[in-house]
Amino acid sequence: MNGQSLTHLFFQHFGNQEVAPLLFFAPGRVNLIGEHTDYNGGFVLPCALQYGTYLAIRPIDDQVCRFASTNMEFKTEIRLTGSLTKRENQWVNYPLGVIEQFLQRNIHPGGIELLFSGDIPNNAGLSSSASIEMVTAYALNTLTRSDIPMTDLIKLAQKAENQFVGVNCGIMDQFAVGMGEKNHAIFLNCNTLEYKMVPFILKGISMVIANTNKKRGLADSKYNERVAECQTAVDNLSKLFEIRQLSDISFMQFYKIQDQVADEVIRRRARHVISENQRVLNAVSSLLNNNIMEFGALMNASHESLRDNYEVTGFELDTLVEEAQKISGVIGSRMTGAGFGGCTVTLVRDEAVGRFIEEAGTGYREKTGLTADFYVAEVSDGVRLVSSGK
Ligand code: GLA
């Protein structure tokens, strides 16, 4: 979608061609490694994608918010008086949750018209929700001249998802969408929010995202269940160590006392988080040392742990990863995002990309009956203003 056509569609939806909307863009993200570590205060290594959400937005005199999307037949008008209520199963909860956060800070956006247009596959684990939240937060910050710093906008968008949408997600997605930088992965400590940009330029290697197209039913409730299980692990371990979160203990420490966590499932959940945290550190070193084979091996190990210890992969993701790992020229492959369906991320030598898509696609279809979609990903910049109207 280019700016001109979005503006054109905006006028079709809302009329009044006298006042052009402002255009904003927020990317989706892919996480290279460090899965389900963020809400445990651990490390992650995501990057922003070329795909994302455009938002055309304009202030109006009426005290209402008018929402529309080019992705589906949807139009709604909401008055910003009293408290905002969640709508049943609607994407509009993401921008609404962000607006509510602004209202809680006594920043009233006034009347606005908003047209969203996204090219991230929905519900694929590439953070289409964080992308909608961040593009809304960034646009409202600009429109209301609030000067909220980026890290606070990121926290505000996360709160919108936690409190309004009801998913107890960590901060990784909003952070990657807000801070993304072309050709860099973000090495983030989710406990302190300290971060380093790690150059991620793959000479002769492509990053391919594959969507399982498996419906992610119950993903949100399963996600919240994992968050609760990690808290149980902390409660158990804090009898032995002074810890507040799973990232407070090293894998060596955990290894020695893991038997003290009586429940076998909880023990495996903790083992995943604590070992994954170490894998992120190793992955960053291997990138900095240009050791891409080691990086790929860590991706494979991450998937294995998400499958066996954390149990968030499932037949479709496992099959797609197994099919990928069989192919020569594939350096590493794993699920990315929350799991329970969604996407895999695979590093493949350029000359093997065509063969990978063909062979992994066929193997996957034969075993699951589903057709995967493949995208060659580019690492892009974070949320931004694209055009400030006429
Ligand atoms: C989702 C959440 C993130 C993170 C990942 C798993 O994308 O929104 O906060 O927990 O799952 O790593």
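## Ground rules

Residues are counted from 1 along each chain as its sequence is written. Because the model is predicted, local features need pLDDT of at least 70 and side-chain atom pairs count only at pLDDT 80 or more, while totals for chains, interfaces and linings use all residues, and side-chain values use heavy atoms, with hydrogens and water left out.

## The sheet

Let's start with the strands (DSSP runs of E, at least two residues, numbered from the N terminus). Three of them make an open sheet in the order S2-S7-S8, with antiparallel pairing; two strands pair if DSSP finds at least two bridges between them. The edges are S2 (43-44) and S8 (195-199), each pairing on one side only.

S7 (residues 184-189) joins S8 through five bridges in the antiparallel sense. Along this pair, Ala185 sits opposite Val198 in S8.

## The helices

Now for the helices (DSSP runs of H or I, at least four residues). H5 (residues 172-179) lies across S2, S7 and S8 and runs at about 135° to S7. Axes here are lines fitted to C-alpha atoms, for helices over the stretch in contact, with angles from 0 to 180 degrees between N-to-C directions.

H5 also packs against H3 (residues 128-143), at an angle of about 55° and with the axes 9 Å apart. Ala130, Ser131, Glu133 and Met134 in H3 meet Asp173, Gln174, Val177 and Gly178 in H5, where contact means heavy atoms within 4.5 Å. By class, that contact has three nonpolar, three polar and two charged residues, with Gly counted as polar.
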